[in-house]
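This report describes a single protein chain, first as a whole and then residue by residue. The sequence and structure are shown below.

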Amino acid sequence: MKTLALSLAAALAFALPAQAQSKYPERPITMIVPFAAGGPTDIIARIVSENMSKTLGQQIVVENVAGAGGTTGITRAVTAAPDGYTIAMGHLGTFSAAPATYPGLKYDPINGMQTIGLAGGTPILIVAKKAFAPKDLKEFVTFVKANADKVNEAHAGVGSVSWTTCTLLKGQLGVPKLNSVAYRGTGPALNDLVSGQVDFMCDQIVSVAEQIKAGTIKAYAVASAERSPALPDVPTTKEAGLPEYQIEAWNGIAAPKGLPKDVVDKLVEALDKALNDETVKKRLLDLGTVLPTKEERTPAGFAALIKRDADKLSPVLSAAPKQ
């Protein structure tokens with residue numbers, strides 16, 4: 001009898017953790033967005049998490065934790081307890097560009113976190129104030145090269161998508177020390193572009209599409225292989241004469257390393273269902289977002305994208321002035 005009792009106790013000890021895991025989630029989940037509310041990452045996070053909450057049966061609460069180009073929030077998220085109750089929506093800058101931008105980074109996007117999946121791609125556009133002299137991208141390239149000491153580029157802070165993608169552009173044009181004006185976010189930078197205080201910037205379609213449609217700023221090109229359905233009149237960089245400038249921002253979900261497989265699977269399933277939902281798809285497509293493929297929605301597919309873009313960006317970002 002004693003042996004039987006011990007066997008039953010051992011069986012229960014092994015069964016309880018599995019049973020506890022199978023009940024995930026039992027309380028609300030925090031999704032950290034490492035930027036201020038209202039920006040592109042925040043908008044996409046709220047659209048996707050709202051639907052994921054329905055699948056998971058618990059609310060996903062979005063918490064904005066801004067600072068240090070998004071790395072403050074991501075650090076907090078990926079160093080949290082690996083229980084599935086703290087996840088993060090990051091982007092190209094926080095996951096692929098950060099290692100080269102911040103040498104003292106406290107997290108490893110390649111080997112030190114659990115990827116969940118890509119939530120959406122966001123095409124990058126080269127835009128300028130309405131009164132900027134160049135009429136098209138070829139004229140823009142010529143003008144910037146000839147007036148590198150006079151032209152002002154706006155960005156949303158070192159490590160932001162606008163800084164990262166324009167740093168790549170400036171490196172390809174051979175003007176890495178072009179005058180750069182840093183702002184505390186995309187909104188203030190865009191406001192000064194609209195008012196003509198700065199000359200140009202590179203940013204996500206989610207941020208600039210409405211201003212382009214309204215005619216308050218001009219768009220030279222979209223840095224993707226195909227034109228965006230949201231802005232069909234804007235040529236690609238290849239069509240406009242700068243084929244080497246190809247870069248897409250994106251947003252994806254990550255969590256602390258060591259997350260149990262069943263928790264990962266539930267989060268991946270919830271993300272996949274959200275991106276298949278017709279209402280979610282329409283909202284994202286209306287913003288100009290590119291819906292990810294089935295492979296990109298997987299942990300492995302998203303991890304491969306992070307590494308690919310990190311390898312692409314690392315050389316130019318490591319050498320770039322941090323201004």
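The protein chain contains twelve helices and nine strands, where helices (H or I, at least four residues) and strands (E, at least two) are DSSP runs numbered from the N terminus. Its radius of gyration is 22 Å, close to the 20 Å that the globule rule gives for 323 residues, so the chain is as compact as a globular protein of that length. The radius is taken over C-alpha atoms, and the globule rule is 2.2 Å times the number of residues to the power 0.38.

This is a predicted model, in which local features need pLDDT of at least 70 and side-chain atom pairs count only at pLDDT 80 or more, while totals for chains, interfaces and linings use all residues. Residues are numbered from 1 along each chain as its sequence is written, and side-chain values use heavy atoms, with hydrogens and water left out.

## The chain as a whole

Along the principal axes, the C-alpha atoms of the protein chain fill a box of roughly 90 × 40 × 30 Å. Of the 323 residues, 51% count as buried; buried means under 20% relative accessible area, exposed over 50%, and partly exposed in between (1.4 Å probe, protein chains only). The protein chain exposes about 14100 Å², of which carbon and sulfur atoms supply 56%. These areas come from the Shrake-Rupley method with a 1.4 Å probe; for residues, only the protein chains shown count as cover.

Contact means heavy atoms within 4.5 Å. Among contacts between residues at least 6 apart in sequence, 78% join residues at least 24 apart.

The protein chain carries 33 positive and 30 negative side chains, and the centres of the two sets lie 3 Å apart. Lys and Arg count as positive and Asp and Glu as negative, whereas His and the chain ends are not counted. The place of a charge is taken as NZ of Lys, CZ of Arg, CG of Asp or CD of Glu.

## Backbone features in loops

The peptide bond from tyrosine 24 to proline 25 is cis, with omega near -5 degrees. Proline 25 belongs to the loop between helix H1 (2-22) and strand S1 (29-33).

A further loop joins strand S2 (60-64) to helix H3 (71-78) and holds alanine 68. Phi of alanine 68 is near 50 degrees, a positive value in a residue other than glycine. Alanine 68 is partly exposed, with a relative accessible area of 44%. Glycine 69 is also in the loop between S2 and H3. Leaving aside residues up to four places away in sequence, glycine 69 touches Phe35, Thr94, Tyr102, Val158 and Gly159. From glycine 69 to leucine 242, 173 residues away in sequence, the C-alpha to C-alpha separation is 28 Å.

## Buried residues

| Residue | Relative accessible area |
|---|---|
| Histidine 91 | 3% |
| Isoleucine 60 | 6% |
| Threonine 165 | 1% |
| Isoleucine 47 | 6% |

Histidine 91 lies in strand S3 (residues 86-91). A polar atom of its side chain is 2.9 Å from the backbone nitrogen of glycine 93. Beyond its neighbours within four places in sequence, histidine 91 is in contact with Phe35, Thr41, Ser96, Gly159, Val161, Trp250 and Asn251.

Isoleucine 60 is part of strand S2. Its contacts, with neighbours within four places in sequence set aside, are Ile29, Met31, Ser49, Met52 and Ser53.

Threonine 165 is placed in helix H6 (residues 161-173). Not counting residues up to four places away in sequence, threonine 165 touches Leu92, Ile124, Cys202, Tyr245 and Ile247.

Isoleucine 47 is located in helix H2 (residues 40-56). With residues up to four places away in sequence not counted, isoleucine 47 touches Val280, Arg283, Leu284 and Leu287. One of these partners, leucine 284, is 237 residues from isoleucine 47 along the chain, yet their C-alpha atoms are separated by 7.8 Å.

Notes
A polar contact is a pair of N or O atoms within 3.5 Å; within protein, one must be able to donate a hydrogen and the other to accept it, and residues adjacent in sequence count only if both atoms are side-chain atoms.
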